[in-house]
Amino acid sequence: MPPLLEIDDLRVGFATDAGEIRAVDGVSLALQRGEVLGLVGESGCGKSALALAVPRLLPMPPARIEAAAIRLDGVDLATLSDHGRRGLRGRRIGVIFQEPMTALSPLHRIGDQLVEAIRLHRRLPRREARGEALDWLARVGIADPVQRLRAWPHELSGGMQQRVMIAMALVHDPDLIIADEPTTALDVTTQAQVLELMRRLRRGNSGLLLITHDMGVIAVMATRVAVMYAGQIVETAPSRELFARPGHPYTQALLAALPSAATRGRRLQAIPGQVPSPLAWPTGCRFRDRCSRAMPRCAAPPPLYTWGDGHEVRCFLAEMPGGAGDARGASRPPAEAPGSNEPSPAAAAPPG
Amino acid sequence: MPPLLEIRDLRTYYPIRRGVLARTVGAVRAVDGVSLAVEAGEAVGLVGESGCGKTTLARTILRLETPHSGEIRLDGVDVATLRGAALKAYRRAVQVVFQDPFASLNPRHTVLDLVTEGMLAHGLATPANRREAAARLLDDVGLSADLLDRYPHAFSGGQRQRIAIARALALGPRLLICDEAVSALDLSVRAQILNLLADLREKHGLAYLFITHDLGVVQHLADRIVVMRRGVVVESGPAEQVMARPAHPYTRELLAAAATPFH
């Protein structure tokens, strides 16, 4: 059976006055049914461009999307007409955006926007659609849903708006849900509630592509993780595996840079330098200038190496005899899987 | 000995005005009876969610807002009584770094202007020697003196935050208020800035009031933690104790909600 979503060699560019920004530069990934794939990276790494390229929600121009294929259940989306693609959005692909305040129309009441979303793909009398909208507001935990149907978006808090967004993305029970930083604008307690909601309301055999910069959100939600850096995927692994044995020096550095109780009284392992500019990605390994383990051969672009079960790493270290072992030794080893409650004693030991 | 900064039962209200005459019909009690202390050289983490009053508290300490009632004391002296030179000395002693370095640096000023503006105003530098002073400050925050004549737009978020820190350090503060100072930064850059703040604390004996919603940051650097909710302090104590044995249900809720990969 083909995977739910299959992206083959995706490239997304944006035309700017300063030249073309190659935001996504050759990304391939697959998302199986039932899976939550976390796509993690820092600002400018291309994760949002990737997420929005799948449902073609980028304005073209300035955006340019090229791919060998983007397949949903084995059907290449490029072969569909505009009409066919519109039929997918909302019905088979649901999208949750970062900022509900900008994603919701400020000029329409919450109820009207939900009803419109419902009737877009289903011939349903307005009354029935209204009833369904009411059910959804209750389901996403909005108190007093009858009143709230008549509310304007600005009358709701950020957390409430995001609940409405989730309802809107899920009304057609989509196979694929794409969530772009769904909790970044929210407080921690609200974030926990919204994540719980996404977990609870998602149909078990749907797939969730979750874009975030927050390793904590990944740890709570994702079954598998893809780490992006400078327009490329540098590592993919099952979530527990990634935190226990990060293979790429960038992933290792990101995890070591996290402030926590375990880093008290010690210096954080900062990554020197800046994220490179998408106008001119470095040649060879794109992390090489900031990498403590760079070698002469990193001047050539490294391929993705298989480094264990379902674990891929874009780094020459994975190929070297003992190199992978070294890479493991160099990581801060939070030897425990996420989910247990004590900070690992190993995490307090100086890395390397 | 009195603490460096002591706040007693501080209240800051914002009036709610209605109608064409803008009559005051009520008040938002943003800070509603807060007491806390920061000892010299201590790092205090102030945590709470948006709207809990933590930024208003910072602004009141900086005297950017006028408190409704209560006291702010520096070295035991009530700040409300200060005038003239003593008030200027207070403003030098307490400096701030804001969250958004894209908004907090005037885009029309060079780094030299930005860093030395306060020094000139306070008579800590002269037009003749300010370049030298600014170069020293940039060195302190890990930037090259070659950058003095550049404008903010030439810098990344992390570099801008270094400039903002240099500007705060220029007046020789004893307390640095960091209002979500690393929240807008990417993970890799955030660690650089947190390390810088730790170095500066060691070097200058700085005390920090670190306002953040990020419990990881607070656990990393705070000696003491103060938890605010709806304008009041619900819990405070030594960081390790508050984290290990939170007493207030709201603190427990915050800790439980924080998603971290190393739980």
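These notebook entries record what I looked up in the predicted model shown above.

**Conventions.** I number residues from 1 along each chain as its sequence is written, and chains are lettered from A and ligands numbered from 1 in the order in which they are written. In this predicted model, local features need pLDDT of at least 70 and side-chain atom pairs count only at pLDDT 80 or more, while totals for chains, interfaces and linings use all residues.

**Chain A, domains.** I found chain A divided into domain 1 (32–49 + 81–92 + 174–260 + 275–352) and domain 2 (101–171); the bounds come from an automatic or database domain assignment. I then looked up where the two domains of chain A meet: 13 residues of domain 1 are in contact with 13 residues of domain 2 (contact means C-beta atoms, placed from the backbone, within 7 Å). On the domain 1 side, helix H8 (residues 188–201) of chain A gives the most, with six residues.

**Chain B, fold.** I noted nine helices and ten strands in chain B (DSSP runs, H or I of at least four residues for helices and E of at least two for strands, numbered from the N terminus). Of the 263 residues of chain B, 45% count as buried (20 or more other C-beta atoms within 10 Å of the residue's own, all placed from the backbone). The C-alpha trace of chain B spans about 55 × 50 × 45 Å along its principal axes.

**Chain B against chain A.** I recorded 27 residues of chain B in contact with 39 residues of chain A. H6(B) gives the most to the chain B side, with seven residues.

Definitions and conventions: Buried ≥ 20, exposed ≤ 12 C-beta atoms within 10 Å, placed from the backbone.
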